[in-house]
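Try each task before reading its solution.

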Amino acid sequence: MPTAINAGDTAWILMSSALVMLMTPGLALFYGGLVRRKNVLSTIMHSFFILGLVSVTWVLWGYSLAFGPDAGGGLIGRLDWLGLEGVTGEPSPTYAPTIPHLAFMAFQMMFAIITPALISGSFAERKRFKAFVLFAVAWSTLVYAPIAHWVWSPDGWLYGLGVLDFAGGTVVHLSSGVAALMAALFIGRRTGLIEPATEPHDVPMTVLGAGLLWFGWFGFNAGSALAANGVAATAFVTTNTAAAMAAITWVTISWLHRGTPSVLGAAIGAVAGLVAITPAAGFVTPAASILIGAGVAIGCYGASQLRLRSRIDDALDVFAVHGVGGAFGALATGIFATVAVNAAGRDGLLAGAPSQVVIQLVAIGVVALYSATVTAGILFVVNLIVPIRVPHAEEEAGLDLAQHGEVAYQP
Amino acid sequence: MVIAALATFATLLAAWLVAPSSEQRDRDRARAALASELAVAPRPAVGERSSV
């Protein structure tokens, strides 16, 4: 592939990397507002610490495992680029030929950072910080990197199968959503759930976090065009449209169901829309993104209601939004994709290629199964080294004081 | 250089593993409180029985 640096493309990808970086502090606020006031700092810390942790592991070995030359069978990359050896300011002949290879690496790094941070919401308010740090290093290495290789490396086996995942519906959201479900099942329910204080302690904080996520998602999706071009513009518009449609649909459903147009529902609905459009953003039309936004709001709202009736304490509904939303978006991509939008993509069901739906379903099934299995193994091993759940007294006192020796709000 | 970077990260990882847990901190705090309590307790006078 001929390579030559394009200034516009490079500027856009560096800017997009910064936008995606901002999503992780945004997620910290989104989750921070949803927990009880005694756990807000620990919840924020789980995202913020990962910003540092995965930045380093990605440079050391993560990028090489995910995007390095194939080690065989399209399963994982080799360690040729350990410590970014050979990854330079020159374009890669394999990835994004018009931007520096380092810019592509940095853009992908931001995805690798936010993915394990998403999981942290499911077992919030009862996990030990040290155990979560070990879990995040292992999960990022053993789950995220292989799946990214399968789907996004030209040598990856799912890539070879023809799966469409524009910006991470399976790689980021489905993998983390399923891992979140496993974590919630493994660690068990929180104590004190019948207290009124279980309600979100700061809804404005959550809405601010959702706003930052929405803003950063323009980099996440439109940046995934890896160039400043028409596909980026399409992804930008479909991203905003799906988020908007999902937000107003979720509010409408909750208004009819619970009697009030929930502010929290608007924030969560927008995030669900952003999740679902992620795999489709550069492959579908703006009109399709309206249907995707409406559909995912219905699907995720239903999933969150089912979760409330179950015994599963996925504290911040990570599976209902990211697992269900990611799977829905991946399937919708197989339905609505068209090469009329992106010549580098593939046609979906409505463009006369029903086989694309089958390919998408295979990817959904394999990614979900792999993430569930390996996540369960990681949780088991980490729990042997450091108990993941804090003692009952610490849970009662709150993790901010018990784990971090700090409090968010002075009395 | 890469080996040095990996070793530096491994050092941090080892530090996290041995860093005190919250239970350890609680035990240390309780021990310190007990020691401080014993240190300020009135000493028995000379010739007085120190215990019953």
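**Exercise 1.** In which loop of chain A is the place of A:Leu84?

Before starting, note that this is a predicted model, where local features need pLDDT of at least 70, side-chain atom pairs count only at pLDDT 80 or more, and totals for chains, interfaces and linings use all residues. Residues are numbered from 1 along each chain as its sequence is written, while chains are lettered from A and ligands numbered from 1 in the order in which they are written.

*Solution.* 
- Step 1: A:Leu84 sits in the loop between α2 (40-67) and α3 (101-119) of chain A. Helices here are DSSP runs of H or I with at least four residues, strands are runs of E with at least two, and numbering goes from the N terminus.
- Step 2: Look at the backbone: phi of A:Leu84 is near 65 degrees, a positive value in a residue other than glycine.

**Exercise 2.** Is A:Glu125 buried or exposed?

*Solution.* 
- Step 1: Find A:Glu125 in the loop between α3 and α4 (129-152) of chain A.
- Step 2: A:Glu125 counts as buried because it has 25 C-beta neighbours inside 10 Å. The cut-offs are 20 or more other C-beta atoms within 10 Å for buried, 12 or fewer for exposed, and partly exposed in between, with C-beta atoms placed from the backbone.
- Step 3: Although not a glycine, A:Glu125 has a positive phi of about 75 degrees.

**Exercise 3.** How many residues does the contact take from chain B and from chain A?

*Solution.* 
- Step 1: Chain B gives 9 residues and chain A gives 11 residues, where contact means C-beta atoms, placed from the backbone, within 7 Å.
- Step 2: On the side of chain B that touches chain A, α1 (2-18) and α2 (22-40) of chain B are the elements giving two or more residues.
- Step 3: α1(B) gives the most to that side, with 5 residues.

Key
Two residues are in contact if their C-beta atoms, placed from the backbone, lie within 7 Å.
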